[in-house]
Amino acid sequence: MKKPDILFINPNLLDPPVAPLGIEMTGSYLRSRGMTVELLDLNKRNHDMPEIPIKACFSQIDPLLVGISIRNLDDSSYPSMKFTLKETKNIVEIVKKYTSRPCVLGGVGFSLMPEAVLKACGASYGITGDGEEPLFRLLTAIKNGILYPQGNLFPAIPGLSFVKDGSIHTVPPDFGRIPSYTSRGLIDNTWYFTRGGQIGIETKRGCDGSCIYCADPVAKGRKIRLRPPGDIVAEIAGLADDGITCFHTCDCEFNRPPEHAAAICDALIRSGLSGQIGLYAYCSPSPFPAGLYDKMAAAGFKGINFGVDHMNDGILEKLGRDHTARDVLDVTDALKQRGMRIMYDLLLCSPFETESTLTEAIEKTRAAGADCIGIGMGVRLYPGTPLYRSLKREDSEYLDGEREEPPLRPLFYVRPKKETAIPLLCSLIGSDRRFFFQPLGEKHNYNYADNNRLLEAIEKGARGAYWDILSSL
């Protein structure tokens, strides 16, 4: 029987499948530090009966620690409000049937509400923020008998949550330097590319933005930490050697800071990869220096998803955004001239919304020239964000979802209420298929999970960002 130091389990069963980048980075780091690592990827197994592969795995493997990554707590969609953490809890319970070894949770989903998630899932430990070094220190402590099986000595590992004397304790995370890595190998990325149409790349961690609703600074830190461009290009080159040709930046806005984005583009151009691959990115409409347009086009970027949020400057300011509607129009025009595909993501029905501003948002984005426009209706509330801290008792009439503290299950702020907002938005959008708005039906749905049109397109060979694939159908 194998006795690895850690067994990672990927519990994310969404379809199309998304490669678990966090597991791969953390696992690669642990291997570089001499730890033995195994992976059970449930996305490649029987989705309906996860107990079968879990039971089979523990008949062959006895790890010191079981690591389970939580990518999301829910699908972040107000119309559906699918709570996905319950599936992770089920997997933790199955694991505990077949091993007495402790479980550790991690990932962005865990980092949003660590103590509530740890309590809900019943695991032994959790790690908030970056997982690489804290998990190495946790494994070292376990191997030295400090934490397990005695379970009464807990070193101050940054980001560690643990249960002691019936209470959950958490050490504050340390959002420091990103460990260097240039290759991927723990995950079957070719399988994910074939069935998912793209592979994620991380260029940085953290966000220094002032958006009042965003959970990225909570989960990843409020300071931007950059990866060396050479490391990023080496990583892409290795994946390209395996036949992977489409990549998506999965960190915060690629163009913040713009000089780092430009340096990555320069490195891609020098490598010769830009003619062999396509890239997509999340970006902010500002800052976007003129020189970055040409560099991104030359580096192989095919499309950009802009977090536009709104087209009313007053609402943008109240949301904490630092761009204007004019910035959106200018950057769209410049990139469309260079053949780039463009998507806008709108965040509507915030505390500052009215029927008039809803109308303004739809009419202005309709005229702006984007290839598609996603409508996020309602603001998902997360502890640690300025919006959540500022909520008052009178706001309760605009809250929809589970009323618990903290809001582990989906809880949205929706103003005007859905009875007013949904009919109005449907009327404004009409038959314009550039708009993705779930209440309008399947052809307007860009909730990517279990989207049959998207799955069929990828199976037939479509590659790219999911919004770009759907907008071309």
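What we are looking at is a predicted model, in which local features need pLDDT of at least 70 and side-chain atom pairs count only at pLDDT 80 or more, while totals for chains, interfaces and linings use all residues. Residues are numbered from 1 along each chain as its sequence is written, and side-chain values use heavy atoms, with hydrogens and water left out.

Four of the five residues of β3 are buried, so the strand is largely enclosed by the rest of the structure, where buried means under 20% relative accessible area, exposed means over 50%, and partly exposed lies in between, with a 1.4 Å probe and protein chains only. Two strands count as paired if DSSP finds at least two bridges between them. β3 pairs in the parallel sense with β1, residues 6-10, over four bridges, and F8 stands opposite G67 there. β3 also pairs in the parallel sense with β4, residues 103-106, again over four bridges, with G106 as the bridge partner of S69.

Turning to another sheet, three strands form an open sheet in the order β16-β18-β17, with antiparallel pairing. Because β16 (379-380) and β17 (399-401) stand at the edges with a single partner strand each, one side of each is left without a neighbour in the sheet. Three bridges join β17 to β18, residues 411-413, and L399 stands opposite Y413 in β18.

Now, how many disulfides does a search of the whole structure find? The search finds zero, a disulfide being a pair of cysteine sulfur atoms within 2.5 Å. For C283, the closest cysteine sulfur is in C265, 9.1 Å away, which is too far for a bond. C349 is in no disulfide either, since the nearest cysteine sulfur, that of C426, is 11 Å away. C283 counts as buried at 1% relative accessibility, and C349 does so at 0%.

Finally, D468 has its place in helix α18, residues 466-471, and is buried, with a relative accessible area of 9%. Its side chain makes a polar contact of 2.7 Å with the side chain of Y280; a polar contact is a pair of N or O atoms within 3.5 Å, where, within protein, one must be able to donate a hydrogen and the other to accept it, and residues adjacent in sequence count only if both atoms are side-chain atoms.

Technical notes. Helix = DSSP H or I, 4+ residues; strand = E, 2+ residues; numbered from the N terminus.
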